[in-house]
Protein chains: 2
Amino acid sequence: MASMILSDPSSAASVHRLSFTRFSNSLVFLRRFVGPLHVFSHTAALPRALSLHAPCSSRFITASMAAEPSAKVIDGKSVAKQIREEISAEVTKLKEAIGVVPGLAVVLVGDRKDSATYVRNKKIACESVGIKSFEVNLPNDASEQEVLKYISDFNGEPLVHGILVQLPLPSHMNEQNILNAVMIEKDVDGFHPLNIGRLAMRGREPMFVPCTPKGCIELLHRYGVDIKGKRAVVIGRSNIVGMPAALLLQREDATVTIVHSRTKNPEEITRQADIIISAVGQPNMVRGSWIKPGAVIIDVGINPVEDASSPRGYRLVGDVCYDEACKIAAAITPVPGGVGPMTIAMLLSNTVSSAKRAYNFN
Amino acid sequence: MASMILSDPSSAASVHRLSFTRFSNSLVFLRRFVGPLHVFSHTAALPRALSLHAPCSSRFITASMAAEPSAKVIDGKSVAKQIREEISAEVTKLKEAIGVVPGLAVVLVGDRKDSATYVRNKKIACESVGIKSFEVNLPNDASEQEVLKYISDFNGEPLVHGILVQLPLPSHMNEQNILNAVMIEKDVDGFHPLNIGRLAMRGREPMFVPCTPKGCIELLHRYGVDIKGKRAVVIGRSNIVGMPAALLLQREDATVTIVHSRTKNPEEITRQADIIISAVGQPNMVRGSWIKPGAVIIDVGINPVEDASSPRGYRLVGDVCYDEACKIAAAITPVPGGVGPMTIAMLLSNTVSSAKRAYNFN
């Protein structure tokens with residue numbers, strides 16, 4: 001489930017893959033990641049951008065890291081399950097109290113198999129918690145006007161409380177125009193600049209928080225991790241994960257630094273952090289030596305690396321070298337099964353919040 | 001001029017004064033700053049929030065700091081003058097080419113003498129570069145609807161390219177409602193959340209950048225300070241200076257940390273910075289020991305401190321202990337005469353940009 005969600009080209013794992021190519025130990029991956037923003041081919045079993053080799057070598061292992069794994073595993077799969085149950089209960093309550101069923105509309109353009117899979121998964125997730133899903137499938141040669149017409153209809157449709165445009169769109173369409181057409185009250189992805197602006201500003205509240213960074217913070221909350229006054233480093237500055245994650249940490253009174261492709265000493269800066277959120281799409285980039293003992297690590301990356309022992313020929317790893325990190329961190333999310341399952345749970349959560357807000361229901 | 005502009009309650013120096021009271025060496029100022037957001041009384045000569053004592057003591061002075069001042073002085077007054085001349089030339093060009101005169105409308109509510117002074121200064125500055133200024137003065141008991149009506153009129157008025165609502169508004173008005181009513185194409189203050197969102201997002205462009213942080217970055221540019229790849233620390237996280245300054249530095253590929261009232265070790269973090277922008281309103285808070293040798297310092301604070309030797313009984317100092325800093329930094333803005341004069345120059349610049357955009361004039 002996690003891998004399917006996180007290989008969604010509109011989600012965290014893939015979009016900032018291109019932006020983080022100057023770390024010294026990641027240059028080897030540069031060419032592999034200059035390609036389409038999605039990771040998996042929609043036809044083949046093998047990922048397009050598969051890394052041949054991304055081991056966690058032992059050269060950075062220190063005495064403290066040589067110990068047995070001691071980090072608490074932040075189990076996103078289990079938390080996401082719990083959140084879905086809570087959402088399901090909320091949906092029931094909403095229906096019983098005022099007869100309203102939250103609705104999520106998904107607009108899919110073209111015949112990409114991967115996109116169709118992601119949309120189907122979202123639909124299944126909606127149905128599992130009682131959210132009604134609406135779907136429009138348009139052919140690849142549909143016009144931008146047609147897409148805008150459907151968005152406009154969903155904007156005006158009271159049964160729809162969230163609208164999601166499945167990315168990528170065909171190349172003849174202006175993605176920004178189309179995303180901007182989703183009314184802010186139904187922008188459950190939370191990517192509208194007005195939402196981001198409100199997220200950045202003190203004293204303002206966004207309508208929605210983008211799903212993946214919201215999932216990261218939710219994991220910290222549910223595992224009782226103090227954020228206030230802590231040093232936090234966010235690795236990666238994408239619009240959909242790194243930047244909003246930094247704004248969220250800042251809102252909770254962390255002292256935040258964003259480390260990115262132009263940062264000269266990422267290892268040294270990251271080692272100061274009590275909380276690390278990594279969202280760059282570089283397999284095993286964050287080594288044990290980057291981590292302060294006792295830090296809490298949220299690993300957003302989902303990176304395929306070659307693995308002959310796997311029936312698929314590859315396995316998924318995070319941005320953080322898990323084997324090294326789990327010996328030095330206080331807590332860490334696994335990949336898969338960490339942040340991945342949280343993204344869709346937060347999408348459901350945003351949809352229900354939107355429905356409640358539309359009817360002023362608390 | 002600078003002191004008048006920067007004591008403007010809608011400007012940098014005053015608004016975040018309240019938010020930064022937990023630094024160990026600033027607790028003494030706490031009570032003094034829990035008061036109206038504006039610094040100067042509109043009737044008396046003495047500032048309301050005057051600090052009795054804010055010396056740069058010698059206890060932090062190290063060997064390197066004991067040297068003679070060596071920092072280059074970043075002369076905001078002179079840069080602002082040059083920018084005004086450039087703006088004046090642009091205004092002439094715009095008028096000669098297409099007959100358009102940029103217009104700035106200022107809405108003033110109530111009879112505060114300080115607000116009247118700031119509005120008058122803005123008007124004079126506009127006239128000095130050929131920008132037409134429009135002004136509405138409403139009585140203190142005007143209704144919110146009346147103010148909104150004037151804003152709506154200015155929104156629709158083609159001769160007006162920028163609208164500025166003088167703050168503070170009378171307490172019976174909802175400031176956020178009123179500011180949000182200014183159409184984004186004329187929001188020359190750049191405080192609209194949509195502008196801030198675009199500023200935060202990669203690949204998006206704000207219509208306007210807030211004037212004071214824009215002035216800070218302009219000073220760095222005009223003094224040839226490299227930003228890309230540098231460590232930057234912004235002290236203070238206000239919506240109008242600290243936060244947008246951090247976003248601007250981030251857009252220019254600095255590695256940015258925001259230090260704020262909940263930061264546990266501000267001195268240690270600030271000492272890592274190649275570029276420091278301080279905007280907290282705490283006199284002399286940033287000591288020599290906070291500064292890395294060779295750092296560049298932009299000091300946004302304008303703080304009145306008691307000075308018996310001054311005819312006014314006080315003088316203005318920055319957030320940074322200038323005497324210590326100028327011996328260790330590579331370059332520093334003085335207070336007054338640093339960032340202060342840049343704010344109004346950027347307001348004029350935003351107004352002209354708006355007029356040019358309205359007529360698609362490059």
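**Close-up views of a two-chain predicted model**

**View 1. The rotation axis and chain B.** Of the residues of chain B, B:Gly197 comes closest to the rotation axis, with its C-alpha at 1.8 Å. Chain B is superposed on chain A by a rotation of 180° with 0.0 Å of shift along the axis, and the RMSD is 0.0 Å. That is the relation of a two-fold axis. The superposition is by least squares on the C-alpha atoms of residues with pLDDT of at least 70 in both copies. This is a predicted model, where local features need pLDDT of at least 70, side-chain atom pairs count only at pLDDT 80 or more, and totals for chains, interfaces and linings use all residues. Residues are numbered from 1 along each chain as its sequence is written, chains are lettered from A and ligands numbered from 1 in the order in which they are written, and side-chain values use heavy atoms, leaving out hydrogens and water.

**View 2. The surface between the copies.** Of the interface residues of chain B, 100% are also interface residues in chain A, so the copies meet through the same surface.

**View 3. Helix α8 of chain A meets helix α8 of chain B.** Each helix spans residues 193-200. Helices (H or I, at least four residues) are DSSP runs, numbered from the N terminus. The two axes come within 7 Å and cross at roughly 90°. That makes α8(A) roughly perpendicular to α8(B) (the class for 65 to 115 degrees). Axes are lines fitted to C-alpha atoms over the stretch in contact, and angles run from 0 to 180 degrees between N-to-C directions.

**View 4. Helix α5 packs on helix α13 in chain A.** Helix α5 covers residues 113-129, and helix α13 covers residues 340-358. Their axes lie 10 Å apart, at an angle of about 55°. That makes α5(A) oblique to α13(A). A:Asn121, A:Lys122, A:Ala125, A:Cys126 and A:Val129 of α5(A) meet A:Ile344, A:Leu347 and A:Leu348 of α13(A). Six nonpolar, one polar and one charged residues make up this contact by class.

**View 5. Confidence along chain A.** The average pLDDT (the predictor's confidence in each residue, from 0 to 100) is 86 in chain A, and 82% of the residues score at least 70. Over residues 1-7 of chain A the pLDDT is below 50. Residues 11-48 of chain A also have pLDDT below 50.

Methods:
Contact means heavy atoms within 4.5 Å. Helices (H or I, at least four residues) and strands (E, at least two) are DSSP runs, numbered from the N terminus. Angles under 35 degrees count as roughly parallel, over 145 as roughly antiparallel, 65 to 115 as roughly perpendicular and the rest as oblique. Ala, Val, Leu, Ile, Met, Phe, Trp, Tyr, Cys and Pro count as nonpolar, Asp, Glu, Lys and Arg as charged, and the others, Gly among them, as polar.
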